[in-house]
Amino acid sequence: MLTYELEAALEQEGYNAVCGVDEAGRGPLCGPVAAAACILPTGLVIEGLNDSKKLSEAKRKRLYDEICEKALAYCVVLGSVEEINGTDILSATLHAMHRAVEGLQIKADFALVDGNITRGFPLPARAVVHGDAISPSIAAASILAKVTRDRICLELDAAHPEYGIAKHKGYGTKAHMEALRKYGPCEIYRTKFIRFLDK
């Protein structure tokens, strides 16, 4: 259940700008990973706000617009395929998260991060497992990241329609892997994620 309990407790400790941080697209075979940071007014009620994975595409789009309108600050950053291939998906994701926090229009003084890793964050941070189902700030960030990533998938699909990315959003579905075997990978693919093609 989403409550501002975490944000309110941190404000009681003296933090004035608590941001939620989440990502979308760590698992797909292609495209960038998206990371978002978001500061909401504590207590703000956004009807239907939830973990982005539990929402329909239409609801995510509606909430995306409302979050952008009502958030005190937000920032979405991409970790590129080149960065993922040059390092690894975790490092690229964390780096994108750090840059999202640093890109906020209001300087955050604490970050609530979905998941269990806060390595290298440029400010005090707390990892919150399943945070997008607990903290409204993290849930808002999850929607910003997911909608951004899905829009990029539509662009990738338009450029490379043979892979069917608009349908599976880059995940390793049976149809996607069959298309990869038929057409071979191109520059949008994460090399470490498609090693099955070598078998």
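1. Secondary structure. In this predicted model, the chain is built from 7 helices and 5 strands, and read from the N terminus onward these elements follow the order α-β-β-α-β-α-α-β-β-α-α-α.

2. Overall dimensions. The C-alpha trace spans about 55 × 35 × 25 Å along its principal axes. The radius of gyration of the chain is 17 Å, which agrees with the value near 16 Å that a compact globule of 199 residues would have.

3. Burial and contacts. Of the 199 residues in the chain, 50% are buried. When contacts between residues at least 6 apart in sequence are considered, 67% of them join residues that are at least 24 apart.

4. Surface and charge. The accessible surface of the chain amounts to about 9500 Å², and carbon and sulfur atoms account for 53% of that area. The chain carries 24 positive and 26 negative side chains, with the centres of these two sets lying 7 Å apart.

5. Cysteines. How many disulfides does a search of the whole structure find? The search finds 0. Cys 19 is in no disulfide, since the nearest cysteine sulfur, which belongs to Cys 38, is 8.7 Å away, whereas a disulfide would require the two sulfur atoms to be within 2.5 Å. Cys 19 counts as buried because its relative accessibility is 0%. Cys 186 is likewise in no disulfide, and the nearest cysteine sulfur to that residue is the one of Cys 30, at 7.9 Å.

6. Ser 52. This serine is placed in the loop that runs between strand β2 (33-39) and helix α2 (57-70). Is Ser 52 buried or exposed? With a relative accessible area of 5%, Ser 52 is buried, because the cut-off for that class is under 20%. Leaving aside residues up to four places away in sequence, Ser 52 touches Arg 60, Ser 142, Ile 143 and Lys 146.

7. Ile 89. This isoleucine is found in helix α4, which covers residues 89-102. Ile 89 has a relative accessible area of 16% and therefore counts as buried, as this value is under 20%. Which residues does Ile 89 touch, not counting those up to four places away in sequence? They are Arg 26, Val 33, Ile 84, Arg 190 and Phe 193. As for its separation from Ser 135, the C-alpha atoms of Ile 89 and Ser 135 are 24 Å apart in space, while the two residues are 46 residues apart in sequence.

Technical notes
Residues numbered from 1 in each chain as written. Predicted model: local features only at pLDDT ≥ 70, side-chain atom pairs only at ≥ 80, totals over all residues. Heavy atoms only, no water. Helix = DSSP H or I, 4+ residues; strand = E, 2+ residues; numbered from the N terminus. Rg over C-alpha atoms; globule rule 2.2 N^0.38 Å. Buried < 20%, exposed > 50% of the residue type's maximum accessible area, 1.4 Å probe, protein only. Contact = heavy atoms within 4.5 Å. Areas by Shrake-Rupley, 256 points an atom, 1.4 Å probe, with all protein chains shown as cover. Lys, Arg positive; Asp, Glu negative; His and termini not counted. Charge placed at Lys NZ, Arg CZ, Asp CG, Glu CD.
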